[in-house]
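Let's walk through this one together, a question at a time. Have a look at the fold before we start.

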Amino acid sequence: MNYVGQNLDASLQVLFAGADEAARDTRGAAVGLAFVNLQDMSLTHAGVGNTRALLLEQAARSPIVLNSTNGIVGAGYKKLCPETVSFAPGDLLLLYTDGFPAYIDVARLAGGYGHPEEVAKEVVQRYALGTDDAAVLVGRMESLA
């Protein structure tokens, strides 16, 4: 996905459309992207294919599920549906592939919402299905202050 890396200043709609065109001669890919706005403490997520995202709020203990659209980048997809949510410092963002169940029961994480690296390790150890490749990215949300 060189297209995305070379166009990071573009909107999600432009990034997905350009990546879809750039990947036409490939097998295509499932893609999930999140833009974090530290000024207003929000993130905008969009996904195509079997990608998933959860925002784990420290205060709520129940995640916000961010959805993806059916399709494959490179083979076409339905209308992109970006979602914007607010976050607080300390919240965690999980982006993960279909090598995990669609919904991860984060209440069962032994370490809670600890260090992102530890959360990622536990998610892989506990939830990877073993029937497909599994990738997870965990990031702690922070503020500019």
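Q: How much space lies in the largest pocket of this predicted model?
A: Start with what surrounds it: the largest pocket is lined by 16 residues. Ala30, Asn50, Thr51, Tyr96 and Thr97 lie nearest its centre. The space in this pocket comes to about 310 Å³.

Q: Which element gives the most to the lining of the largest pocket?
A: The elements that give two or more residues to that lining are strand S1 (31-37), S3, S8 and S9. The top contribution is 3 residues, and the element behind it is S8.

Q: Which element provides the largest share of the largest nonpolar core?
A: This core has 15 residues, and Leu54, Leu56, Leu92, Leu94, Ile104, Val106 and Val123 touch the most other members. Two or more residues come from each of strand S3 (51-56), strand S8 (92-97) and helix H3 (116-127). The largest share is 4 residues, and it belongs to H3.

Q: How many residues are in the other core, the one with Leu12 and Ala19?
A: That core lies apart from the largest one. Its members include Val31 and Ala46 as well as Leu12 and Ala19. In total, the residues in it number 12.

Q: What arc do the buried residues of H3 cover around the axis?
A: In H3, the buried residues are Pro116, Val119, Ala120, Glu122, Val123 and Tyr127. They sit on the same side of H3 because the arc they cover around the axis is only 165 degrees.

Q: Which strands do the buried residues of H3 pack against?
A: Take Val123, which is buried in H3. Leaving aside neighbours within four places in sequence, Val123 is in contact with Leu94, Phe100, Ile104, Leu109, Ala128 and Val136. For the buried residues of H3, the packing partners are S8 and strand S9 (136-140).

Q: How far does H3 reach from its first C-alpha to its last?
A: H3 has 12 residues. At 1.5 Å a residue, the expected span is 16 Å, and H3 comes close to that. From first C-alpha to last, H3 reaches 16 Å.

Q: Is Leu109 buried or exposed?
A: Leu109 lies in the loop between S8 and H3. Not counting residues up to four places away in sequence, Leu109 touches Val119, Glu122, Val123 and Tyr127. Its relative accessibility is 4%, and the cut-off for burial is under 20%, so Leu109 counts as buried.

Q: What separates the C-alpha atoms of Ala134 and Thr97?
A: Ala134 has its place in the loop between H3 and S9, and at 38% relative accessibility it counts as partly exposed. Leaving aside neighbours within four places in sequence, Ala134 is in contact with Thr97, Gly99, Phe100 and Ala128. Ala134 and Thr97 are 37 residues apart along the chain, yet their C-alpha atoms are separated by 5.8 Å.

Q: What is the phi of Met41 near?
A: Met41 lies in the loop between S1 and strand S2 (42-48), and it is buried, with a relative accessible area of 17%. Most residues other than glycine have a negative phi. Met41 has a positive value instead, near 55 degrees.

Q: Which elements do the buried residues of H2 pack against?
A: Helix H2 covers residues 12-22, and Leu12, Leu15, Phe16, Gly18, Ala19 and Asp20 are buried in it. Their packing partners are helix H1 (2-5), S1, S2, strand S5 (71-72) and strand S6 (76-77).

Notes
Residues are numbered from 1 along each chain as its sequence is written. This is a predicted model: local features need pLDDT of at least 70, side-chain atom pairs count only at pLDDT 80 or more; totals for chains, interfaces and linings use all residues. Side-chain values use heavy atoms; hydrogens and water are left out. A nonpolar core is a set of buried Ala, Val, Leu, Ile, Met, Phe, Trp, Tyr and Cys residues joined through side-chain atoms within 4.5 Å. Buried means under 20% relative accessible area, exposed over 50%, partly exposed in between (1.4 Å probe, protein chains only). Contact means heavy atoms within 4.5 Å. The expected span of a helix is 1.5 Å times one less than its number of residues. The arc is that of the directions from the helix axis to the C-beta atoms. On a 1 Å grid over the protein atoms alone, a cavity is a set of points where a 1.4 Å probe fits but cannot get out, and a pocket is an open set with protein on both sides within 12 Å along at least five of seven lines; lining residues have an atom within 4 Å of a point. Grid points are joined across faces, edges and corners, and a volume is the space filled by probe spheres set on the points.
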